[in-house]
Amino acid sequence: MKSDSSMLWCMAIGKPILMAVNGDAAALVSESGCGVVAAPEDAESIASAALALFRSDRESLRRMGECGRRYYDEHLALQQGAARFAAIFDRLCCGTDAVG
């Protein structure tokens, strides 16, 4: 899944996100629940998403940030990527599923 590094940084530190994108980055924001997605190059959609965030109460914003941080830690952090790579390497080279 391709995504923007600034989006990943915001997820890692638990900040709500507004993304005006399609594709993988939009899917990541939606799947993780870390923010709001707007249609790219659509001023009305972007303004509406910005207003939705602006009008959100602190608890909703905190929850979005926490969802992003949790998703990052569980799926995107370096340790997760290294563990997945090690498992694939073990399967390909050694025919095992163990990561040691």
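Contact here means heavy atoms within 4.5 Å. By that criterion, among contacts in the protein between residues at least 6 apart in sequence, 38% join residues at least 24 apart. The structure is a predicted model, in which local features need pLDDT of at least 70, side-chain atom pairs count only at pLDDT 80 or more, and totals for chains, interfaces and linings use all residues. Residues are numbered from 1 along each chain as its sequence is written, and side-chain values use heavy atoms, with hydrogens and water left out.

The protein has 5 helices and 2 strands; these are DSSP runs numbered from the N terminus, helices being H or I with at least four residues and strands E with at least two. Along the sequence the pattern is α-β-α-β-α-α-α. Of the 100 residues, 22% count as buried, where buried means under 20% relative accessible area, exposed over 50%, and partly exposed in between (1.4 Å probe, protein chains only). The protein exposes about 6,600 Å², and carbon and sulfur atoms supply 57% of that area, computed by the Shrake-Rupley method with a 1.4 Å probe.

Strand 1 (residues 17–20) and strand 2 (residues 35–38) pair in the parallel sense over 4 bridges; pairing requires that DSSP finds at least two bridges between the strands. Within this pair, L18 stands opposite V36 in strand 2. In a regular strand the side chains alternate between the two faces of the sheet. In strand 1, I17 and M19 form the covered face, while L18 and A20 form the uncovered one.

V21 lies in the loop between strand 1 and helix 2. V21 counts as partly exposed because its relative accessibility is 22%. Not counting residues up to four places away in sequence, V21 touches A26, V37, A38 and P40. V21 and E41 are 20 residues apart in sequence, with their C-alpha atoms 8.5 Å apart in space.

S32 lies in helix 2 and, at 7% relative accessibility, counts as buried. Leaving aside neighbours within four places in sequence, S32 is in contact with M11, C67 and Y71. The side chain of S32 also reaches the backbone nitrogen of C34 at 3.3 Å.

Helix 3 (residues 43–55) has 13 residues and reaches 18 Å from its first C-alpha to its last, close to the 18 Å expected at 1.5 Å a residue. At the start of helix 3, a side-chain oxygen of D42 comes to within 3.2 Å of the backbone nitrogen of E44.

Conventions: Expected span 1.5 Å × (residues − 1). Polar contact = N/O pair within 3.5 Å; in protein donor to acceptor, adjacent residues only side chain to side chain.
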